[in-house]
Amino acid sequence: MLKFVFQFIFIFGVVFGYRGQVIAEFEDFTMYYGDQTRSNASVEDFIISKSNQLHCIQNQLTFTNLFSKNTSKYSFDFVSNYTLPESKSITFHGQGNKSSLFLYTPLGDQLLGISSQETVFNKEPKLFYHIINPKVQGRNNYGFELNPNIIVNKNNDLSQITLVSSDDKENAAVIYVPKTRPNEFTQVGYLNFNFKNPVPKGGTFVYPFPTSEYKLLDFYIQDSNLQFILSGHYSIDHTSQFTGKQKDNFESITIGKIENNSFEFETIQFEGKFFNQIGIYKDNEAMILSGFYTNFIDGDVEGLFIAKINTEGKVTDHHFAPFSKDITIGISGTNNRLTPDHNTIRNAYKGFSILEFIAINDGYIGIAEFNALEYKYGSNDVPGAANAVDSYFWSNDIVTFKITKSGDFAWNKIIQKHQRSINDGGYYLSNSSIIHEDHLHLFFNDSKLNYNENGVYIRKGKLPFSTHFSTAKNTIAHTKIDINTGEVSRKSTIGKEQSNVIFTPLLSRGASKENKMFIYGRSGKKHRLGSIHFKQ
């Protein structure tokens, strides 16, 4: 049961070295918050560095910037004392002229950024890389032109460029996959960075499939000389003859190895099986490939596919693990509940996506969540709707599971929630998670109507009430799952009434080795930073 601390006691919080206030104490953890601050800037990201420092990335877009080619107004700083850093925007330059930052990723304790420079007279935008060190960064950052292997022409947008980091944050890579005609092959360019070596190394290779036959799914960095690229391949027989639109499920998966300017690949395919949400994850010194499978090209998720991959990019073992009947019924029901109405224009995306897949001592823990984006004609009858076309963001049920090393489910559970927001990018939706000792902990915004006066969840076997973001009804739900048995408990904690801000799961960061989770809340121009300390 919640115990509020009415007399705030300042203590030293060892997570990231911050000082905070005890806001509430529970059976499993204590919650801390710093003082509320006001800022016109938007927090875009928090990134934990190699040495466990916390980068805060803010972006302040002004009215004047909206009409400029160089629209980025980023500031970068480390967080200390539970205080939002002052927003001091950096001007990025390339070859003496201003450029616009559009990508960044951790590299050691610094950040690697990519900026573009374009004028109405340029046929091709110029690209630059920047090393961003908040400890010594001034108001200007001068970049270096990217390797000639990555040249963007005017017919390709910058979304064709991907910037990724290795799990240990020691390496990063820029990958450029330009658009080509449907039946042409693509020449992929890449550039590798190491946090100890300021000079990047790059190369190119031809991806050996026509563009229309595949979709790139994931990139994985093993070290500065070895990367992997993952793609899903469509079933040509199931391509619409009228629209040419491909289905979401893939008939085969290709994992390719990029090493020393060479490219090798292996294809994974099983008759009568289709894949989606496939990704590559770290598994000790090797990798594991994991995602959903179904027996039908347009079918709902039926289970989990996993394949062990060695450092040569070869499949050494694979398993298909069917979900329990409760899970498959729940997945199908969640998908079917979001049906178009007379105001629906289209669904940009809809379905379950895998958020986490984590190796533990005796298997793997996974978290998947239903998310959707609908475009609808505007309506004055719906709170938050204000445009001719409104964007509806949904984040509903969560599926959690444990897979054993032998490829079988130890348990699989569905956590029901119902979240919707309009025209805000889904800023307060989804969940944040952390594994502490023998439990998986999930936190997400919810409604007090789903809990009794003792904070115990009371909607088991029923659809939950939709999440509220108002002061009176908002609460942060805490779901705890025993990773050995799958036993689930769910309770309410604090909400907007106690913190004066709305919890933002997508910007909260778990630090399992520190037994803590960094949390962030916002309401308008009000910001508040805090943490959850788990008890030993």
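Reader: What share of the 536 residues of the protein chain counts as buried, and what makes a residue buried?

Author: The share is 52% of the 536 residues. Buried means a relative accessible area under 20%, exposed means over 50%, and partly exposed lies in between, with a 1.4 Å probe and protein chains only. Please keep in mind that this is a predicted model, where local features need pLDDT of at least 70, side-chain atom pairs count only at pLDDT 80 or more, and totals for chains, interfaces and linings use all residues. Residues are numbered from 1 along each chain as its sequence is written, and side-chain values use heavy atoms, with hydrogens and water left out.

Reader: Why is His439 called partly exposed?

Author: Its relative accessible area is 23%.

Reader: Where is His439 found, and which residues is it in contact with?

Author: His439 belongs to strand β32 (residues 439–447). A contact means heavy atoms within 4.5 Å. Setting aside neighbours within four places in sequence, His439 has contacts with Ile434, Lys480, Ile481, Asp482 and Ile483. Ile481 is 42 residues from His439 in sequence, yet their C-alpha atoms are 5.4 Å apart. Across the protein chain, 55% of the contacts with a separation of 6 or more are between residues 24 or more positions apart.

Reader: How many helices and strands are there, and what makes a stretch count as one?

Author: The protein chain has two helices and 38 strands.

Reader: What makes strand β20 (residues 252–259) largely enclosed?

Author: Seven of its eight residues are buried, so the rest of the structure largely encloses β20. Strand β8 (residues 74–78) is mostly covered too, with four of its five residues buried.

Reader: How do you know that β20 pairs with strand β19 (residues 226–233), and what about β21?

Author: Two strands pair if DSSP finds at least two bridges between them. β19 and β20 run antiparallel and are joined by eight bridges, so they pair by that rule. Gly232 stands opposite Ile253 of β20 in this arrangement. Another eight bridges link β20 to strand β21 (residues 262–269), again in the antiparallel sense, and there Glu259 has Ser262 as its bridge partner. The hairpin of β20 and β21 has two residues between the strands, and Asn260 takes a positive phi near 50° in it.

Reader: Which strand pairs with β8, and over how many bridges?

Author: That is strand β7 (residues 54–59), antiparallel to β8 over five bridges.

Reader: What makes a group of residues a nonpolar core, and which residues have the most contacts inside the largest one?

Author: A nonpolar core is a set of buried Ala, Val, Leu, Ile, Met, Phe, Trp, Tyr and Cys residues joined through side-chain atoms within 4.5 Å. The largest has 25 residues, and Phe292, Leu304, Phe323, Phe357, Val399, Phe401 and Ile403 have the most contacts inside it. Elements giving it two or more residues include β24 (303–309), α1 and β28 (389–404). With five residues, β28 gives the most. Another core lies apart from it, with 18 residues that include Ile253, Phe275, Tyr293 and Ile309.

Reader: Which residues does Phe401 contact, leaving aside neighbours within four places in sequence?

Author: Among them are Leu304, Phe323, Phe357, Tyr364, Ile365 and Trp411. In soluble globular proteins, nonpolar side chains tend to be buried together.
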